[in-house]
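Open the model in your viewer and keep the sequence panel beside it. The stops below tell you what to select next and what is there.

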Amino acid sequence: MTGMTETPGGMSASAVRAAHEIRVVIGRLRRRFRETYDNEGLTPSQTSVLSRLSKEGPASTSALAAAERVRPQSMAATLAVLEERGLIQRRPDPHDGRRQLVSTSDTGSAYLDDKRRAGEEWLAQALETGYTEAERKTILEALALLDQLSRA
C-alpha cells in the first residue's frame, strides 16, 4: 500500500469523493443555468429537445423519442408545443418521403442563443465578482482537467 486510502471496490477514496463532488456541482450549476434562462413556460423536456435539435441537427420524431428516452407519443406532444410556439419546423425527409425531419426554426435558434447568452452572462458576472484572478485561473485549470475526463 502506498498510504492512499482505498474503498472496498479498490478505488482511492479521493477518486470516489471527486466523482461525487463533480456530480453534485454539475447538478447545481445546471439548475442555476436553468433558473437564469427564464424558459418562458417551456418544460425541461421541451428545452432538452430544442437544445438537442440545435446541437445534433434535424431528426425524426422516433429518433428524438429514442434519444430522449420517451415514448413516440410523448415526443409528438412535446414537438406540437414547440411547433405551436414557432421554435421548430418540419420538412420531408429527402431519403424517405413517408417521414418528416424536425429542426430548429430561426426563432428557435434565436431563443436558444438568447438563453445561452443569459446563462453565460450570469456565470461571467458571478466569476468576476466572486473570485480573484488567481481563483479564476485555478478554475480554468480544473476545467481543462474535466475536459480531459469528458474525452476519456
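**Starting point: the end of α2**

Select G57 to begin: just after α2, this residue takes a positive phi of about 90°. The model is a predicted one, in which local features need pLDDT of at least 70 and side-chain atom pairs count only at pLDDT 80 or more, while totals for chains, interfaces and linings use all residues. Residues are numbered from 1 along each chain as its sequence is written, and side-chain values use heavy atoms, with hydrogens and water left out.

**The whole chain**

Taken along the principal axes, the C-alpha atoms fill a box of roughly 65 × 40 × 25 Å. The radius of gyration of the chain is 20 Å, whereas a compact globule of 152 residues would have one near 15 Å. That radius is taken over C-alpha atoms, and the globule rule is 2.2 Å times the number of residues to the power 0.38.

Switch to a surface view. The accessible surface comes to about 10,900 Å², and 54% of it belongs to carbon and sulfur atoms. Such areas come from the Shrake-Rupley method with a 1.4 Å probe; for residues, only the protein chains shown count as cover. Of the 152 residues, 24% count as buried. Buried means under 20% relative accessible area, exposed over 50%, and partly exposed in between (1.4 Å probe, protein chains only).

Among contacts with a separation of 6 or more, 48% are between residues 24 or more positions apart. Contact means heavy atoms within 4.5 Å.

**Helix α1**

Select residues 13-37, which form helix α1. How far apart are the end C-alpha atoms of this helix? They are 36 Å apart, which agrees with the 36 Å that 25 residues should span at 1.5 Å a residue. The expected span is 1.5 Å times one less than the number of residues. The buried residues of α1 are V24, G27 and Y37. What covers them includes α5 (106-130).

**Helix α2**

Next, select residues 44-56, helix α2. Its 13 residues should span 18 Å, and its end C-alpha atoms are 18 Å apart, so the two values agree. Which residues of α2 are buried? They are Q46, T47, V49, L50, S51 and L53. These buried residues pack against α3 (61-68), α4, β1 (88-93), β2 (96-104) and α5.

An α-helix has 3.6 residues a turn, so residues three or four places apart point the same way.

Stay in α2 and pick S48. S48 is partly exposed, because its relative accessible area is 29%. Draw a distance from S48 to S105: the two are 57 residues apart along the chain, and their C-alpha atoms are separated by 15 Å.

Move to S62 in helix α3. S62 counts as partly exposed because its relative accessibility is 47%.

Then select R69, in the loop between α3 and α4. Its phi is near 60°, a positive value in a residue other than glycine. Most residues other than glycine have a negative phi. With 76% relative accessibility, R69 counts as exposed.

In helix α4 (residues 72-84), select T78. Is T78 buried or exposed? T78 counts as buried, because its relative accessibility is 12%. Not counting residues up to four places away in sequence, T78 touches S45, Q46 and V49.

**The last loop and helix on the tour**

Select Y131, in the loop between α5 and α6. Y131 is partly exposed, with a relative accessible area of 40%. Leaving aside neighbours within four places in sequence, Y131 is in contact with A126, R136 and I139. The C-alpha atoms of Y131 and I88 are separated by 39 Å.

Finish with L149 in helix α6 (residues 133-150). At 53% relative accessibility, L149 counts as exposed. L149 and D96 are 53 residues apart in sequence and 39 Å apart in space, C-alpha to C-alpha.

Definitions and conventions
Helix = DSSP H or I, 4+ residues; strand = E, 2+ residues; numbered from the N terminus.
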